[in-house]
Amino acid sequence: LKIEGGSPGADKVLTSDADGDATWEAAAGGGSWNLITSSTFPAAVTWTLTGIDTTYDLYHWSLSGVNINNDNNSVFLRVGDSSGIKTDAHYTYNISKNGAVGATHDSEVGTDQTSAKIFNDQGNAGSESGSANLWVHRTGRGVNINGTLTYQKATPVLHTGYCGIWYDVTSFDITQVQLFS
């Protein structure tokens, strides 16, 4: 293999033409992420993230350090549009998690619910918190949210798993996501 142009230098990729000649080229642009907003999750009952619009078909939502005021409560998710948060019975969800002690497995499914559960039996001690990486898909027909979650209940019980959420309506332009306990 003969490579024209010497050493690659910074931000270069190896390319090949139709004759099989390889060269170092400048890397293509794009693929960057745009930060829409960030905020601190309060220990209060309800928190709403705004700033979602029709600019993108896919949003990533990263949660870290979710800790609520009341012990042994679940944390739920709702979506909303320009008219507000949706509390009608169009949510379907599936959370599945594995416990760190004894490799226990727990899952919960809800259909035609008024919200979607993401953490159950969340604790409020300083050592207890939840985190999740969620992908919010704007589909034109409803909203699909999927991702991974991890949360610490009572030391040393750590739960990890995934969640799948669907808000099923004919047409919906998501503008906000809400967490509450």
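**Fold and side chains**

Author: Going along the sequence, the pattern reads β-β-β-β-β-β-β-β-β-β-β-β-β-β. There are zero helices and 14 strands in the chain; helices (H or I, at least four residues) and strands (E, at least two) are DSSP runs, numbered from the N terminus. This is a predicted model, where local features need pLDDT of at least 70, side-chain atom pairs count only at pLDDT 80 or more, and totals for chains, interfaces and linings use all residues. Residues are numbered from 1 along each chain as its sequence is written, and side-chain values use heavy atoms, with hydrogens and water left out.

Reader: OK, how much of the chain is buried?

Author: Buried residues account for 33% of the 181 residues. Buried means under 20% relative accessible area, exposed over 50%, and partly exposed in between (1.4 Å probe, protein chains only).

Reader: And what does the accessible surface come to?

Author: About 9900 Å², with 49% of that belonging to carbon and sulfur atoms. The areas come from the Shrake-Rupley method with a 1.4 Å probe, and for residues only the protein chains shown count as cover.

Reader: What about contacts between residues at least 6 apart in sequence?

Author: Of those, 61% join residues at least 24 apart. Contact here means heavy atoms within 4.5 Å.

Reader: Which residues have the most contacts inside the largest nonpolar core?

Author: Trp61, Leu63, Leu77 and Ile118, in a core of 32 residues. A nonpolar core is a set of buried Ala, Val, Leu, Ile, Met, Phe, Trp, Tyr and Cys residues joined through side-chain atoms within 4.5 Å.

Reader: What is Ile118 in contact with?

Author: Leaving out neighbours within four places in sequence, the partners of Ile118 include Leu63, Leu77, Leu149, Cys163 and Leu179.

Reader: Lys117 comes up next. Is that one buried or exposed?

Author: Lys117 counts as buried because its relative accessibility is 10%. Lys117 sits in strand S10 (residues 116-122) and, not counting residues up to four places away, touches Ser74, Val75, Phe76, Tyr93, Ile95 and Glu108.

Reader: Switching to charges: how many salt bridges does a search of the whole structure find?

Author: One. It joins the side chains of Lys86 and Asp81, at 3.3 Å from N to O. The criterion is a side-chain nitrogen of Lys or Arg within 4 Å of a carboxyl oxygen of Asp or Glu.

Reader: Buried or exposed, that Lys86?

Author: Lys86 is buried, with a relative accessible area of 17%, and Asp81 is buried too, at 14%.

Reader: What else does the side chain of Asp81 make a polar contact with?

Author: The side chain of Ser83, at 2.6 Å. A polar contact is a pair of N or O atoms within 3.5 Å; within protein, one must be able to donate a hydrogen and the other to accept it, and residues adjacent in sequence count only if both atoms are side-chain atoms. Asp81 lies in strand S6 (residues 73-81).

Reader: Now the rings. How many aromatic pairs are there?

Author: Six. Trp47 and Trp61 make a stacked one, 5.8 Å centre to centre with 10 degrees between the planes. That pair links Trp47 in strand S4 (residues 46-50) to Trp61 in strand S5 (residues 58-66), 14 residues apart. Rings of Phe, Tyr and Trp (its six-membered ring) pair if their centres lie within 6.5 Å; planes under 30 degrees apart count as stacked, over 60 as edge-to-face and the rest as tilted.

Reader: Which residues do ring pairs link into a cluster?

Author: Tyr91, Tyr167 and Phe172.
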